Amino acid sequence: ASSFARMFVQVCLYFYCKCLWRCLKFVVRKLTGQCELQRICYNTKPGAARTMKIEASLKGSKSRRLQTSVNVHPDAIEKTIDDIMELKRINPDINPQLGVSLQACLLQIVGYRNLIAEVEKLRREPYDSENPQHEEMLLKLWKCLKPNSPLKARISKQWCEIGFQGDDPKTDFRGMGLLGLYNLVYFAEWDTEIAQQVLTDSLHPKYSQLSKAEWEKKKFDKAIGYSFAIVGINITDLAYNLLVSGALKTHFYNVAPEAPTLTHFQQTFCYLMHEFHKFWIDEDPLDIMEFNRVREKFYKRILRQLQNPEMALCPHFAASESLINI
């Protein structure tokens, strides 16, 4: 009985709050002469704060047409904007900037959804050693990271030098599929200097940031390394979880003026690799068995940063400079 009463009270509160909210929106519209979408666009600066409010407003609308507007094809966005203006009885000639602002927001919202689909497709595609394109990408990863050390054979213990577990890297891509390889190659090709330095430091972390004398003075005598490629695949998983959970909306809506793309995702991966490496050194773990603890702590730190609507993880990251325009 008590359980039923509690459920009844919760249902009543839900409908009361929902009705009260709609009444408040109606009153505010009458007082200001503007609908909620107008108030958001006119009173919130461009970026994550505005786009996330627009997204919430559209999804929470009682109109089915508005609810589905966040799921349209990119080519249908202009028509969708016209439908929204018509439904809200907004004259586009009097409010020209509103259409422009809504279009920018919808491009980001729809683009984020499409990016998830693209990333998911790569994650589900397994590495195929019989596919020449897959093999070419894998060899490119070696050449970018070890340009002065030719690979003696496709199946070789040399792969362990860049952090794979055995003599054939294909088995290490099972968890993240091609997505892990795509990210590693992007990091190695477009931020070669940083990637090579992180690789070197992962092999010799004890002197990566401090001189030998400084390390001895601080008694950091237990600093250990990690497997670069394996950690790269693991950080790919971390970036993937941030993406599908919606946590990366803050970052992407702030750095991508229109639809976020796979390149934005790969730039974010580069940033996370670089930051995780510094975090690992700072944490100074006792052994590699602490990896999951350090990774979880790092993940929570990134999540906290992304709770800030102003947050852009890597607005000035080297690989991002040509694309980012906040």
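Helix α3 covers residues 48-59, which is 12 residues. At 1.5 Å a residue it should span 16 Å, and its end C-alpha atoms are 16 Å apart, so the two values agree. The expected span is 1.5 Å times one less than the number of residues. Helices (H or I, at least four residues) and strands (E, at least two) are DSSP runs, numbered from the N terminus.

This is a predicted model: local features need pLDDT of at least 70, side-chain atom pairs count only at pLDDT 80 or more, and totals for chains, interfaces and linings use all residues. Residues are numbered from 1 along each chain as its sequence is written, and side-chain values use heavy atoms, with hydrogens and water left out.

**The chain as a whole**

The protein chain has 14 helices and 0 strands. Of its 326 residues, 45% count as buried. Buried means under 20% relative accessible area, exposed over 50%, and partly exposed in between (1.4 Å probe, protein chains only). Contact means heavy atoms within 4.5 Å. Among contacts in the protein chain with a separation of 6 or more, 66% join residues 24 or more positions apart.

**Around α3**

The buried residues of α3 are A48, R50, T51, I54, E55, S57 and L58. They pack against α2 (36-43), α4 (64-67), α5 (77-87), α6 and α12 (249-255).

Two packed helices are described by the angle between their axes and the distance between the axes. Axes are lines fitted to C-alpha atoms, for helices over the stretch in contact, and angles run from 0 to 180 degrees between N-to-C directions. For α3 and α6, the angle is about 85° and the axes are 9 Å apart. That makes α3 roughly perpendicular to α6. Angles under 35 degrees count as roughly parallel, over 145 as roughly antiparallel, 65 to 115 as roughly perpendicular and the rest as oblique.

On the α3 side, R50, T51, I54, E55 and L58 make the contact. On the α6 side, S101, L102, C105, L106, Q108 and I109 do. By class, this contact has 6 nonpolar, 3 polar and 2 charged residues. Ala, Val, Leu, Ile, Met, Phe, Trp, Tyr, Cys and Pro count as nonpolar, Asp, Glu, Lys and Arg as charged, and the others, Gly among them, as polar.

**From α6 to α8**

Helix α6 (residues 96-124) also meets helix α8 (residues 177-190); their axes come within 3 Å and cross at roughly 105°. So α6 is roughly perpendicular to α8. V119, L122 and R123 in α6 meet G177, L178, L179 and Y182 in α8. This contact has 5 nonpolar, 1 polar and 1 charged residues.

**Cysteines**

A disulfide is a pair of cysteine sulfur atoms within 2.5 Å. The whole structure has 0 disulfides. Two cysteines show the distances involved.

| Cysteine | Nearest cysteine sulfur | Distance |
|---|---|---|
| C105 | C41 | 5.4 Å |
| C314 | C270 | 8.3 Å |

C105 counts as buried because its relative accessibility is 2%. C314 is buried too, with a relative accessible area of 3%.

**Two single residues**

T236 is found in helix α11 (residues 228-244). Its relative accessible area is 0%, so T236 is buried. Not counting residues up to four places away in sequence, T236 touches M176, L179, G180, N183 and F269.

Q197 lies in helix α9 (residues 192-203). At a relative accessible area of 43%, Q197 is partly exposed. Q197 and H274 are 77 residues apart in sequence, and 9.7 Å apart in space, C-alpha to C-alpha.
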